[in-house]
Amino acid sequence: MTAPPLLDIKNLTVEFATRRGAVQAVKSIDVSVAKGETVAIVGESGSGKSVTSYAVVRILDRAGRVAEGSISFSGMDLVTATERQMRDLRGREISMIFQNPRAALNPIRKVGKQIEDVLLEHVQATRATAREKAIEALTKVKIARPEERYDAYPFELSGGMCQRVVIALALACQPQLLIADEPTTGLDVTTQKAVMDLIVELTRERGMSTILITHDLGLAAAYCDKVVVMEKGKVVETASAADIFRNPQHPYTRKLMQATPRIGMSLADLLPDAPKGPPAQAAAPRPAPSPDAEPLMRVENLVKEYPRPETGAFFAKLMGKAEEPKSAFRAVDSISFTVAKGETLGLVGESGCGKSTTSMMITRLIDPSGGKIIFDGTDIGAIPAKQFAASAHRRRIQMVFQDPTDSLNPRFTAERAIADPIMRMGTISGRDALRARCEELARLVGLPVELIDRFPHQLSGGQKARVGIARAIALDPDLVILDEPTAALDVSVQAVVLNLLEELKGRLGMSYLFVSHDLNVVRLLCDRVIVMKTGAIVEQGTAEQVLGNPQAEYTKELLTAIPHPPL
Amino acid sequence: MNDMSQVLKTESESISAAVPAEPAPLRFDAPPSTSLWAHARHIVAENPVTGLAFGLFALILLAAVLGPSLVPYDPLASNTSSALQGPSAAHWFGTDQLGRDIFSRVIVATRLDFAIAVFSVALVFAMGGLAGVMAGFYGGWVDKVVGRIADTIMAFPLFVLAMGIVAALGNSVTNIVIATAIINFPLYARVARAEANVRRDAGFVQAARLSGNSDWRLLLTQIVPNIMPIMAVQMSLTMGYAILNAAGLSFIGLGVRPPTPEWGIMVAEGASFIVSGEWWIAFFPGLALMTAVFCFNLLGDGVRDLVDPQRRN
C-alpha cells in the first residue's frame, strides 16, 4: 500500500485505573484503516474492541487513559490533540454509531431538528438551509416520506428507523471515518440486513472508511474487507474477510469460527474439542416422536388481546368507568400447535410477532384471552395465572430466561436461587438435603460446586446461565420454555450452553419450547419449527423442511437475511 | 416487624457472604468482591466528607446513648446566681436565664431529638414503604388509593400539617413522632412505589413466580430486599429533616414542653435574649441542630456510595 492509511493505530495501550491498580483493557495493538476500507473489529465481551474505538474518538471515561502508543488520523495525532480539536473532529471527520439507536437520540426532540443541530454545530448549513439539508440526509438513508419523518419523535419510529436516523446524523457532515459499535445488535435479522446494506452502500458511495465493531464473525465477514480479531485486549489476527474464513491462523479465531452456528453442522461441532468428522453420538438420529401418541401439550386457537389505549376517556377512566374499547390489539391471533414428549419445538419470529406473549401464556404468567392450552390432558389455560402458583402443574412447566443477569435476584446466592423452586414446591426438606440437591443440580449443569455460594454479580455470564438452567430443571419439569437463552451470551459460551441443554433434555426426558430469532441456532437444536409473524403462524414443519425448503415468503425472507460469510 | 427482620437478615447475610472464602481461581472470570469494611474504607478515602459525616454520626450516637452520664451539670438544675453567663471554662456554652448549664442541656437534648427522629423514620419507613411497595407491585386500585393519599398529604404545607396533627392529637412526644411520620409518608410511598414498579416484571421476579412463590412471598423475598439500599439512603436523608421538624414544632410551643432540654425549645427561649446580647443561649442549641441535620444529609451520600453495588468493584 503506497498511500498512508487514514487511521493508523500503533502500539496502543489503554489503561483503566481501578481500585486494584491499573488494568490494561487494550494491550499494544496495531490497527490501520485505509481510505475507503471497511474494517471489522471482532471479539467477545471484554476483548477491548469498544475501548479501542472510544480511544480513537477520545471518549474514554474518567478512569481510562491511553498509556502508550499513537493514533494518527490523516496525519494528526489524536492522543495529544486538544479537547477543542477533538470536538471539531468528532461528527465532522469521525462519526460514531452506537448499539442502542433509541438511547442515542434525544427522546423529546424531533429527529429532523436533531440532524439540524449537528449540521449547524459543524457549520455545514445555515439556519436557512438546515431544514432542507436535514431532509436530504433523511432521504439518503432511505427513509420513506422524509418530509413527514422530519417532524417525528424517536418514539414514533421503529428500532430500524431510529438506527437509520442515527446513521443520517453520523453521516450528515460527510465524515471520512465512521465507527459503528454493534450497530445491529438488538435489531431483527431483516432490519439488520437493511441497516448493514445501507452502511456499506453509503460507505462505497462516499469513499468513506468504516470500522465495524461486532461480536458476530459472520456479519463481519459478510460486510467487511478486513477483519481484526481481538482477544483479551490483544489483536490475535488481522486478515482479509475471505482469508479469515477459509484459512484462520490463530487458535482463538478458529475457536470463534467453530462456535458460530452455520448450516451443515451439528451441535457438538460447536465445541472446540469436537472430534473431526461425523461424531458418533451426534450422528445418532433423535428418536422421532411417534405421531399417534398423545402430545404433551396441545395449544388450540390461542388468542391474546390487549385493549387499545383510549385517548379521550381520561375522566371516565379516573372514575373507573372506562368504556369497553372498540377494537383490541391481537398480539397472538388464534394459533394452534402441539409439543410432543421429548421434542424440541422452535418458535421463530422477529420482535413483536407474539412469540414472547405465547411463551408467557404457556408458562401461565399471563392469562390468554381465548383458546385452550391442554397440558397432559388438562386445560391449564382455564386456571387463572394468579392461582397457577398453587397448581400441581406449576412444577411441570418451567422456563429459562433470556437475560441470565436480570433473571437472578441480586441478593440471592446461586444456591438460594436454585433451591427456590424446591423450597416452594419440592418434596425435599431439611437444610442438608436441600444443599445436596443443589450441589447435584450444579454438577448436572456443569457449574463448579464451590461457586454456588456466590452472588450473581460474582459469576460470569455463562455461569449465571447455568444457574438459571439448574433452577428450571430443579423439579424435573416436563416442559421447559427456553426464551432466547443464549441471546445475551458470547458465541463460545452459547456453544457450551446449547450443548448442555441438548444433553440435559436427553438425560431428563424433557420437552423444550425454544423461542428464538436466530435461525442458525434453531436449526441446530430443534426437531420442529414454527414461524410466527404478527401474531399468526405462517409456517410450521420439521426443521429441515422449514429451514431447508421454506414455503412461506416470510420464512424465505428471514433465511436470506442471515449474513452469509464468503466461503 | 417479622418481615422487616427477615429483610435485614438477608441484608446482613449478603454482606457477610460477599467475602469470598478463598481467592477466586483465575479460570472463573468472576469479579472479585470486597468486604464491607474494606469498601467503607475506600469510600471514606475517596470522599473525606463522608468520613466527616460518619464521624459526626458517631459523636451524635455517643451523646444520645451516654449523654446524661457524661455531662458536668444537671440539665434541669437552675442556679439563679450564675444566670446569663457567657461561655467560660466552667460553663463551656454559658448559662441561660435560670442559670442552667447550656452545654449539659445541649448534650442531654441529643437523646430526645435523636429518638424522635429515629422512631418517626422507622414508623414512616414501615407505613410508607409497605404502602408504596404494594402500590408498585399490585397497581390498580391499591396504587390509586396510595397515590391519592400521598397527593392529599402533599397538598398541605407540610409544617402546617404537622402543626395541625400535633394540635389535634394532643401535645406529646408520641404525637410529634406520628406527625413527622405522616408528613414524610408521600416521599417514602413514592420512592418505594417507583422502585417496586420497575422490578415487578423483572426476570428474577418472573422466575420466582414460576418457582411457585405466592405474591406475598414475591414481595418479601424478591422485591423488598432489592429496594432496601435506596430506602436506606432515603431514611438517612429524612433523619435530618425529622430532627428539624421536631425542633421546629417545639420552637413554636408544640410538642416537648419546658423545662425538658430540647434544641428547638432552647433556641426559642434564647431567641428573646439575642437582642440584649446573650447570643449563646440560642446559638449553641442551634449549632447542635445544624450539625445534626448537616451530618444526616451528608450521611445520605455516604450510605448511597456504600450500598450501591456498582461501586463495589
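Two strands count as paired if DSSP finds at least two bridges between them. Helices (H or I, at least four residues) and strands (E, at least two) are DSSP runs, numbered from the N terminus. The model is predicted: local features need pLDDT of at least 70 and side-chain atom pairs pLDDT 80 or more, while totals for chains, interfaces and linings use all residues. Residues are numbered from 1 along each chain as its sequence is written, chains are lettered from A in the order in which they are written, and side-chain values use heavy atoms, without hydrogens and water.

**Exercise 1.** Determine the strand order of the six-stranded open sheet in chain A and identify its edges.

*Solution.* 
Step 1. The order is β6-β7-β8-β3-β9-β10 of chain A, with mixed pairing.
Step 2. Strands β6 (94-97) and β10 (234-240) of chain A each pair on one side only and are the edges.
Step 3. From one strand to the next, the twist averages 15°.
Step 4. Within the sheet, β3 (residues 38-42) and β8 (residues 209-214) of chain A run parallel and are joined by five bridges; Ala40(A) is placed opposite Leu212(A) of β8(A).

**Exercise 2.** Describe how helix α7 of chain A is placed on β6 and β7 of chain A.

*Solution.* 
Step 1. Helix α7 (residues 159-171) of chain A lies across β6 and β7 (177-181) of chain A.
Step 2. Its direction is at about 170° to β6(A), where axes are lines fitted to C-alpha atoms, for helices over the stretch in contact (heavy atoms within 4.5 Å), and angles run from 0 to 180 degrees between N-to-C directions.

**Exercise 3.** Locate the largest nonpolar core and follow the contacts of Ile115(A).

*Solution.* 
Step 1. A nonpolar core is a set of buried (under 20% relative accessible area, 1.4 Å probe, protein chains only) Ala, Val, Leu, Ile, Met, Phe, Trp, Tyr and Cys residues joined through side-chain atoms within 4.5 Å.
Step 2. The largest has 115 residues, and Ile115(A), Ile167(A) and Val227(A) have the most contacts inside it.
Step 3. Helix α7(A) supplies the largest share, nine residues.
Step 4. Beyond four places in sequence, the residues that Ile115(A) touches include Ala134(A), Leu138(A) and Leu169(A).

Methods: Buried means under 20% relative accessible area, exposed over 50%, partly exposed in between (1.4 Å probe, protein chains only).
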